[in-house]
Amino acid sequence: MNTALIISHDRDFRRAAVSWLQERQWSVVEAEDSETGLELSVIHSPRIILCDLLLPSRHGFQFCPD
């Protein structure tokens, strides 16, 4: 099963995204801040990461590899 990581401080967005992905047979891990998201990305090695670009401490572009 594919795993997705959702990183967003917007709880409603996370809920909607989790629901949509689970309906399509994805395993979903979610975080409300960048630090937790980074930890979960190492632990779960998700196939995709949906990340809020305007996180308070680390923005979404910092999760993208060069």
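Two strands count as paired if DSSP finds at least two bridges between them. The views below show a predicted model.

**View 1. An open sheet of three strands.** The strand order is β2-β1-β3, and the pairing is parallel. Strands β2 (27-31) and β3 form the edges, since each pairs on one side only. From one strand to the next, the twist averages 20°. Five bridges join strand β1 (residues 3-7) to β2 in the parallel sense. Within the sheet, Leu-5 stands opposite Val-29 in β2.

**View 2. The whole chain.** Two helices and three strands make up the secondary structure. Read from the N terminus, the elements run β-α-β-α-β. The chain has 66 residues, of which 35% count as buried. Its accessible surface comes to about 4600 Å². Carbon and sulfur atoms account for 51% of that surface. Consider the contacts between residues at least 6 apart in sequence: 55% of them join residues at least 24 apart.

**View 3. Leu-50 in strand β3.** Leu-50 lies in strand β3, which covers residues 48-51. Its relative accessibility is 32%, so Leu-50 counts as partly exposed; the buried class requires a value under 20%. Leaving aside residues up to four places away in sequence, Leu-50 touches Leu-5, Ile-6, Ile-7 and Leu-21. Leu-5 is also the residue that stands opposite Val-29 in β2. A further distance can be read in this view. The C-alpha atoms of Leu-50 and Glu-30 are separated by 9.4 Å. Along the chain, Leu-50 and Glu-30 are 20 residues apart.

**View 4. The salt bridge between Glu-30 and Arg-14.** The structure holds two salt bridges. One of them joins Glu-30 to Arg-14, with the closest N and O atoms 2.9 Å apart. Glu-30 belongs to strand β2 and Arg-14 to helix α1 (residues 11-23), so the pair ties together parts that are 16 residues apart in sequence. The two partners fall into separate accessibility classes. Glu-30 has a relative accessible area of 38% and is partly exposed. Arg-14 has 9% relative accessibility and so counts as buried, because buried means under 20%.

**View 5. The salt bridge between Arg-24 and Glu-23.** The side chains of Arg-24 and Glu-23 meet in a salt bridge, at 3.5 Å from N to O. Arg-24 counts as partly exposed, with 40% relative accessibility. Glu-23 reaches 55% relative accessibility and therefore counts as exposed, since the exposed class means over 50%.

Note on methods: Residues numbered from 1 in each chain as written. Predicted model: local features only at pLDDT ≥ 70, side-chain atom pairs only at ≥ 80, totals over all residues. Heavy atoms only, no water. Helix = DSSP H or I, 4+ residues; strand = E, 2+ residues; numbered from the N terminus. Buried < 20%, exposed > 50% of the residue type's maximum accessible area, 1.4 Å probe, protein only. Contact = heavy atoms within 4.5 Å. Areas by Shrake-Rupley, 256 points an atom, 1.4 Å probe, with all protein chains shown as cover. Axes fitted to C-alpha atoms, helices over the stretch in contact; angles between N-to-C directions. Salt bridge = Lys/Arg side-chain N within 4 Å of Asp/Glu carboxyl O.
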